[in-house]
Each structure stands twice: as structure tokens, then as C-alpha cells.
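These are my notes from going through one model.

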Amino acid sequence: MDVDVDGSRGGDPGGDRAPGAGRSGDEGLGLRERKKRLTYQAVSDAAIAMFLERGFDRVSVAEVAAAAGISKPTLFRYFPAKEDLALHRFADHEDESARVVAARAATESPLDALRRNFLDGLARRDPVTGLCDVPEVLAYQRMLYAAPSLVARMASYRSRSEAALAAALGDRLRDRLAAGQINAVLSVLALENWRRMDAGERADQVYGEAVEAAGLAFVQLRDGLGGCG
């Protein structure tokens, strides 16, 4: 699929179907897959509750397995590493940018689609944008940033997200460069919003500035770095 970051898509009869569409619901899933997803969620929720109460590094995998009512080997079949227990909530977002690009209208550029999606997330106070002051969300994010192993693991999630976006753009060198730049911008925007929430500011008060910052960021992505320095 020949895609320019600022261009429109052409010649792809399946271009409006997002990869993984429908994953947010259980429609079309078999009984086995639904049970697997429920187990993933239950084990992750049990683990996160324990991590929030006692700290990530003070809870063992064996304790999580016991709390979830499964064996330790079974737990590792679902979650290859302890860090994945805490980061399971990121799984559905890993290829979000790629899905947004793939599902956009033929007349909409990838950058416009990603900007629209990020602005929609800000309006909904989506935690992924960092603009969410719900106490439970703030506690969860503080836990993530306080554990070096979780910060390192998040980097692998971002790497896979970047690869998925590059593939959606066309997977040429220029697409991989664009995916890296786009992911970096989204991360910086989210981190800036999160820092303000962590400092005690309210999402409703920060919203306007967050929208302005996102606008600036996407203009800079579109026009390059000529205006910097």
C-alpha cells in the first residue's frame, strides 16, 4: 500500500478495515477465546491491585498466581514476564496508531487521522493521552513510572507500536522514520499531560493547553524542524 504521511491512500480495496477491528468487544470470538480474555483480565486486575497496595517490586509472581487461583506455570503461559501483568492494559493500545491509519477515510491523510484520534482522546480524558485526573488512574501511572523494570518494558511496547505504524504507512524507510517521529511526539505529549496531572492540576483546566500543544506538535510533524532553534 503506497502511503505518504501527508498524502491520501489509493488503490487499497481493504484500506478502510482496521487490523484487529472489534478487539475491544467480544463480538465474533469463540468461547475459548472469550474465556482466555477473561482470564487475562482477571489475573491482570488481581496483580495490579496487589502492586498498587504494596508496590510492584514487593509482590512476587507466586503471590499473584495464588491470588488469581492459578499455578505459577499457568500464569507464565498468559504473561511471559511479571511486568506484563502490570502492562496488560496497554495491549489494546499497542497498535492503535496503526489501526487509526488503516481505518481512515481515503480523503484523510495519516497525520490528520492521528491528530483527530489524539484530540478525541483528550476530549474523552483517555489515560493514554496523559490527560486524566481520576485518582485510580493516577495511582496506576505513578506505580508504572516508579518501577524501572516497568519503564523499560514499556519501551518494548512502544517499539512494537512503532513497527505496526510503520507497516500501516507502507514500511518503506521514510515510513519507518515517520513512525518513529510520530510515536515520539505522542509520547512527549502524553508525558507532559501526565506530569501536570501528577503535580495536582485538573484535567478540565489543562485541556485547552493540551489541545494547543497537540496542534503545535502535529504542525511540527507536518512541516519538519525548520522552525526550531
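I call a residue buried under 20% relative accessible area, exposed over 50% and partly exposed in between, using a 1.4 Å probe and protein chains only. The model is predicted, so I took local features only at pLDDT of at least 70 and side-chain atom pairs only at pLDDT 80 or more, while totals for chains, interfaces and linings use all residues. Residues are numbered from 1 along each chain as its sequence is written, and side-chain values use heavy atoms, with hydrogens and water left out.

I looked up Arg125 and found it partly exposed, because its relative accessible area is 21%. Arg125 sits in the loop between H6 and H7; helices here are DSSP runs (H or I, at least four residues) numbered from the N terminus. Its phi is near 60°, a positive value in a residue other than glycine. Most residues other than glycine have a negative phi. Asp171 also has a positive phi, about 65°, and is not a glycine. I placed Asp171 in the loop between H8 and H9. Asp171 counts as partly exposed because its relative accessibility is 41%.

Entry: Arg196.
Is Arg196 buried or exposed? Arg196 is buried, since its relative accessible area is 17%. I found it in helix H9, residues 173–198. Not counting residues up to four places away in sequence, Arg196 touches Glu201, Val206 and Glu209 (contact means heavy atoms within 4.5 Å).

Entry: cores.
I took a nonpolar core as a set of buried Ala, Val, Leu, Ile, Met, Phe, Trp, Tyr and Cys residues joined through side-chain atoms within 4.5 Å. The largest has 29 residues, and Leu114, Phe118, Leu122, Leu131 and Leu165 have the most contacts inside it. Helices H5 (96–103), H6 (110–123), H8 (148–169), H9 and H10 (203–223) each give two or more residues to this core. H9 supplies the largest share, 8 residues. Another core, of 23 residues, lies apart from it and includes Phe51 and Phe79. Beyond four places in sequence, the contacts of Leu114 include Leu165, Ile182 and Phe218.

Entry: pocket.
A pocket is an open set of points on a 1 Å grid over the protein atoms alone where a 1.4 Å probe fits, with protein on both sides within 12 Å along at least five of seven lines; lining residues have an atom within 4 Å of a point. The largest pocket is lined by 32 residues, and Phe90, His93, Pro127, Val128 and Thr129 lie nearest its centre. H5, H6, H7 (135–146), H8 and H9 each give two or more residues to the lining.
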